[in-house]
Amino acid sequence: MSADANMATRLRSLAIDRPDSPPAGAAASRRLAIRSLILASAIAIPAAIVYLPSRLAIDTPVKYSSSIATSSVSPATADTSSHIGDTVAAVPIAVSPQAVIGSGYVVAGRMITLRPEVGGKVVSLPLDVGDHFIAGQVIAGLDTTTSEIELKISRSQAAAALITVQRNEISLAKAQRTLARTRQLADRGAASQSNLDADELAVLQLSNDLDSARQATETARLQVERQENTISLHRIVAPFDGVIVARLAGLGDMVASGTDGGGPRDGIATLLDPDSLVIDVDTAQSNAARIKPGQTALAVLDAFPDRQFRMRVTTIVPVASMQKGTVTARLEFLTAPSGVLPNMAAKVTLNPPSLQAKADEKGN
């Protein structure tokens, strides 16, 4: 045997037996199966998050536990993106009491359309949108020409009635003196009974005329007072401190009286009390038992998505809506509603009873 053959035999004797390596095709198949499993997991995880059980409300944060971490996830805000290789078990655990979510609009507790009590032509209008007025300040004036003429007539009639009263007083005083003399003469037998009866009847007649004249004088005085009040109604004044939010008439316009009815834009102007703004919130009827007066809340307006307004429930409307299936609550602002306008849309989160109790304890 040659030296090379001996060396090969010795090397084979020193070799360690190992299991056969899998063929290249089998290894490729295993790698492909692993990748498919990972991709299927990546698709299944967000699907499991989106299709949560229907008994969980859309605004109810749900806790998920995983082998990596425990976090609170809201279906409405959950990030459904996944990374290949992540392993998160979407298994819901205990759900804590949640806040009540509602939506509504800003309304004004005091906002009125100013309408005159008498119709007429607008001759004074010292206002514009955004102007502030204090209670009792004149906002507009109507033409008073006809009313002033009627006032002069009433005053003239009152003066004539007063003169009539004075004339009847003088006549009555004269008749009373005549009656006194007739009685003295009748006592001495110098005057007949018929003369005495005539003088007594004259005094009675003049007394009645005087009473009638005095009643006419009072009627004329009331007519004057009514005309003066009518003239005052031609001045439209602010019933409370507020700001003009709409101008509905112009100089020279003819406006109807408030008692004549009319549309929402009939009148002089719309006055708003900016300190009376509130939010009327609609919530599902199933949440009616979870809303109480005095309950605090946070409101976010569509116009100011980066601001939160602290609110408090003041009133719960004692009638539910059959059409919308909701209950309405009125909330007041606890923070200054700067820039807030009526009819702005708002979303409100009312504190749950557990958090409300804790807040009340801290307040005490």
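Four strands form an open, antiparallel sheet in the order 5-12-10-7, where helices (H or I, at least four residues) and strands (E, at least two) are DSSP runs numbered from the N terminus, and two strands pair if DSSP finds at least two bridges between them. The structure is a predicted model, in which local features need pLDDT of at least 70 and side-chain atom pairs count only at pLDDT 80 or more, while totals for chains, interfaces and linings use all residues. Residues are numbered from 1 along each chain as its sequence is written, and side-chain values use heavy atoms, with hydrogens and water left out.

The antiparallel pairing of strand 7 (residues 132–133) with strand 10 (residues 242–247) runs over two bridges, and His132 has Val243 in strand 10 as its bridge partner. In a regular strand the side chains alternate between the two faces of the sheet.

Another open sheet of four strands has the order 9-8-6-11, also with antiparallel pairing. Its edge strands are strand 9 (235–237) and strand 11 (254–255), each pairing on one side only. Strand 11 is held to strand 6 (residues 120–124) by two bridges in the antiparallel sense, and the bridge partner of Lys121 in strand 11 is Met254.

For the protein as a whole, the secondary structure comes to five helices and 17 strands. Of its 364 residues, 29% count as buried, buried meaning under 20% relative accessible area, exposed over 50%, and partly exposed in between (1.4 Å probe, protein chains only). The accessible surface comes to about 23300 Å², of which 56% belongs to carbon and sulfur atoms; such areas come from the Shrake-Rupley method with a 1.4 Å probe, and for residues only the protein chains shown count as cover. Among contacts (heavy atoms within 4.5 Å) with a separation of 6 or more, 74% are made by residues 24 or more positions apart.

The interior was examined through its nonpolar cores, a nonpolar core being a set of buried Ala, Val, Leu, Ile, Met, Phe, Trp, Tyr and Cys residues joined through side-chain atoms within 4.5 Å. The largest such core has 23 residues, and those with the most contacts inside it are Ile279, Leu301, Phe309, Met311, Leu331, Val340 and Val348. Two or more residues are given to this core by each of strand 4 (100–108), strand 13 (277–284), strand 14 (296–301), strand 15 (304–316), strand 16 (326–333) and strand 17 (345–350), and strand 15 gives the most, with four residues. Leaving aside neighbours within four places in sequence, Phe309 is in contact with Ala297, Leu298, Ala299, Leu301, Phe304, Phe333, Thr335, Ala336, Pro337 and Val340. A second, separate core of 18 residues includes Ile244, Val255, Ala269 and Leu271.

Thr328, found in strand 16, counts as buried because its relative accessibility is 19%. Its side chain is joined to that of Asp282 by a polar contact of 2.6 Å, and, residues up to four places away in sequence not being counted, Thr328 touches Asp280, Val281, Asp282, Ile316 and Val317.

Thr182 has its place in helix 3 (residues 145–188) and, at 9% relative accessibility, likewise counts as buried. A polar atom of the Thr182 side chain lies 3.0 Å from the backbone oxygen of Thr178, and a polar contact of 2.2 Å joins the side chains of Thr182 and Asp199. With residues up to four places away in sequence set aside, Thr182 touches Ala191, Asn195, Leu196 and Asp199. In helix 4 (residues 193–232) lies Ala202, which is partly exposed, with a relative accessible area of 34%. The C-alpha atoms of Ala202 and Thr178 are separated by 9.6 Å, the two residues being 24 residues apart along the chain.

Conventions. A polar contact is a pair of N or O atoms within 3.5 Å; within protein, one must be able to donate a hydrogen and the other to accept it, and residues adjacent in sequence count only if both atoms are side-chain atoms.
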